[in-house]
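Dear colleague,

I am handing over a structure for you to look at, and my notes on what was found in it follow below. Please read them with the coordinates open beside you.

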Amino acid sequence: MKDKTNTPRKRAFERQLAGITIALVSLALVVIAAGFGFGPFIFIDSFILVLGVAAGYALGAKDGENIIVRFGDGAVHAGYIGFLIGIVLSLYQVSEISQLGGPLALCFLTLLYSRIVKLICCHFE
């Protein structure tokens, strides 16, 4: 009987998983090496925006479309939408410099989160 534990599909999945792990560990090491820790990179509003838009975009997949690819594409669209929302909020509060932190975090972290989600999704296309 043929051993099915080392099929080409399983090897491909293992390579994909290794690629994602290496990419995410590399990103984490850069953040750690910068000396700031992960605190500045955690902004729940951006995370919710990216995952919400990406999930909605994935649910709109037509028959035959890869849902994971749609999820990744939706995350990229959400990143740009979040960037624009953050710019508008920043310009609205430009007279109060101390209030710009949240809008600017939304602005840039949605782009960051969207690209990380797309990076993960592109391994499963």
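Arg70 is buried, its relative accessible area being 15%. Please keep in mind throughout that this is a predicted model. The partner of Arg70 is Glu65, and the two form a salt bridge in which the closest N and O atoms are 3.8 Å apart, a distance that counts because the cut-off is 4 Å. Glu65, for its part, is partly exposed, with a relative accessible area of 35%.

How many salt bridges does the count come to? By the rule used here, there are two. In the other pairing, the side chains of Lys118 and Asp73 meet with 2.7 Å from N to O.

Helix α2 itself has 16 residues and spans 22 Å from its first C-alpha to its last, which is close to the 22 Å expected at 1.5 Å a residue. Which residues of α2 are buried? They are Ser46, Val50, Ala54 and Ala58. Viewed down the axis of α2, these buried residues fall within an arc of 85°, and they therefore line one face of the helix. On the other side of α2, Ile44, Ile48 and Leu59 are exposed.

There is also a nonpolar patch on the surface, formed by Val25, Leu29, Ile32, Phe38 and Ile42, which together have about 500 Å² of accessible area. One of these residues, Phe38, is found in the loop between α1 (8-34) and α2 (44-59). Is Phe38 buried, partly exposed or exposed? With 42% relative accessibility, Phe38 counts as partly exposed, because that class lies between the 20% limit for buried residues and the 50% limit for exposed ones.

Technical notes
Residues numbered from 1 in each chain as written. Predicted model: local features only at pLDDT ≥ 70, side-chain atom pairs only at ≥ 80, totals over all residues. Heavy atoms only, no water. Patch = residues over 30% accessible without salt bridge, like charges linked within 9 Å, V, L, I, M, F, W, Y side chains within 5 Å. Areas by Shrake-Rupley, 256 points an atom, 1.4 Å probe, with all protein chains shown as cover. Helix = DSSP H or I, 4+ residues; strand = E, 2+ residues; numbered from the N terminus. Buried < 20%, exposed > 50% of the residue type's maximum accessible area, 1.4 Å probe, protein only. Expected span 1.5 Å × (residues − 1). Arc of directions from axis to C-beta.
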